[in-house]
Amino acid sequence: MSHDRLERLRQPNRTRFKRHTGIYPETFAEMELVLDQRERSKKKSGRPPALDASEQLLLTLEFWREYRTFAHLGHDWNIHETTVQRTVERVETALIGSGEFRLPGRKSLKREENVFQIIAVDAAETPCERPTSQQRRWYSGKKKRHTLKTQVVINVSTRMILCVATAFGSMHDLTLFRQSGVQIHPETALIGDAGYQGIRQHHGHSVTPHKVTKKAPLTPEQRQQNRELASTRLRVEHVIRCLKIFRVLKDMYRHRRRRFSLRVNLIAAVCNRTVASVA
C-alpha cells in the first residue's frame, strides 16, 4: 500500500506533488539519494526495515507537512507509532548529517566574497504546550501564550535563507539577534521591523521604520520611507510563510523543544531548494 501511495504522488504534476509533500519532485529525489547512500553504507544485520528509504522520506515529509500524531501516521502506514517516531528522527539526522541540507550559516554574512546588498531579519513564533517548569520563560506577551521563537535572516534579492536561530518565546527580537551571534559585513544593508529599534548600535548600516509619537508625528517623507521599507521587508514575511507551509512550524508544537531547532534548520534548507528551483 505504501508503494502505491508513492507512485500515485509521482504521477501527477509538480504542483500537486508539492501540495502534498511541501517540496518539488526534484528536491525529493535529492533527499532520497542521501538516504540511499546512508542505507548502502550501513552494515546489514538484524530485521529489515518496515519501509524503504523513499517511503521513510515520504513519511517524514507527511509528518512535517501535516503534523499529525505518530499514532495517526502509524495507522495510515500500517506500522507502530514508535516506529514512526524512530523513522522520522532517523531521516532528520541523516539529512542534517549529510551536509547537503544545511544553510550558509551566520559566518557567511561577513565573508568578503559574500557581500550581500540587502539582507532582512525578522522573527516568527510557534505556539507550544505549556512547559512543566520555567513557564514564564516561554510565555510570549505578544502572542499571549507559550511559544518558541525563530529568527530568520534572508538575502532580499534572492529570498534565500542565510541563517536561523531559535529561542524561548519571552525573548525580545533584538535580544535574540544579539545572542544569535550574527556578524554582518559593513557594506551590507540590514533592514528590520519596529521590533529591531536600536539595531544600529550593532550594525551601522541598518534601517528600521520611523517611530511615531504624540509629540513628534511622522512627516510625509518619513511615511513614504516607511512604506518603501515595508515593501522591501515584505519578502522576509513571504519566506516565513513558506516555512509555515510545514505545519510542524505553525501548529502547536507538541514534541521535545530540543529538536525544534534541528527541524527549523532542515525545513529552511529545504525551502531554499524550493526557491532555487522556482528561480
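Me: Contact means heavy atoms within 4.5 Å; on that basis, which residues does Thr27 touch, not counting residues up to four places away in sequence?

Reply: This is a predicted model, in which local features need pLDDT of at least 70 and side-chain atom pairs count only at pLDDT 80 or more, while totals for chains, interfaces and linings use all residues. Residues are numbered from 1 along each chain as its sequence is written, and side-chain values use heavy atoms, with hydrogens and water left out. Thr27 belongs to helix 3 (residues 25-41), where helices (H or I, at least four residues) and strands (E, at least two) are DSSP runs numbered from the N terminus. With residues up to four places away set aside, the contacts of Thr27 are Phe101, Val270 and Arg273.

Me: Is Thr27 buried or exposed?

Reply: Buried means under 20% relative accessible area, exposed over 50%, and partly exposed in between (1.4 Å probe, protein chains only). The relative accessible area of Thr27 is 2%, so this residue counts as buried.

Me: How are the buried residues of helix 3 arranged when seen down its axis?

Reply: The buried residues in helix 3 are Thr27, Phe28, Met31, Glu32, Val34, Leu35, Arg38 and Glu39. They fall within an arc of 155° (taken from the directions from the helix axis to the C-beta atoms). On the other side of helix 3, Arg40 and Ser41 are exposed. Because of that arc, the buried residues line one face of the helix.

Me: How far apart are the end C-alpha atoms of helix 3?

Reply: The expected span of a helix is 1.5 Å times one less than its number of residues. For the 17 residues of helix 3 this gives 24 Å. The model agrees with that expectation, its end C-alpha atoms being separated by 24 Å.

Me: How many helices and strands does the chain have, and what is its radius of gyration?

Reply: The chain has 10 helices and six strands.

Me: What percentage of the residues of the chain count as buried?

Reply: Along the principal axes, the C-alpha atoms fill a box of roughly 70 × 45 × 35 Å. Among contacts between residues at least 6 apart in sequence, 64% join residues at least 24 apart. Of the 279 residues, the buried share is 46%.

Me: What is the N to O distance in the salt bridge between Arg68 and Asp76?

Reply: Arg68 is partly exposed because its relative accessibility is 24%. Asp76 is partly exposed as well, at 29% relative accessibility. Their side chains meet with an N to O distance of 2.6 Å.

Me: Are Asp122 and Arg233 buried or exposed?

Reply: The side chains of Asp122 and Arg233 form a salt bridge (3.3 Å, N to O). This pair links distant parts of the chain, 111 residues apart, with Asp122 in strand 1 (residues 118-127) and Arg233 in helix 9 (residues 220-243). Both Asp122 and Arg233 are buried.

Me: What is the phi of Tyr67?

Reply: Tyr67 is found in the loop between helix 4 (53-66) and helix 5 (70-77). At 3% relative accessibility, Tyr67 is buried. Although Tyr67 is not a glycine, its phi is positive, at about 50°.

Key:
Contact = heavy atoms within 4.5 Å. Salt bridge = Lys/Arg side-chain N within 4 Å of Asp/Glu carboxyl O.
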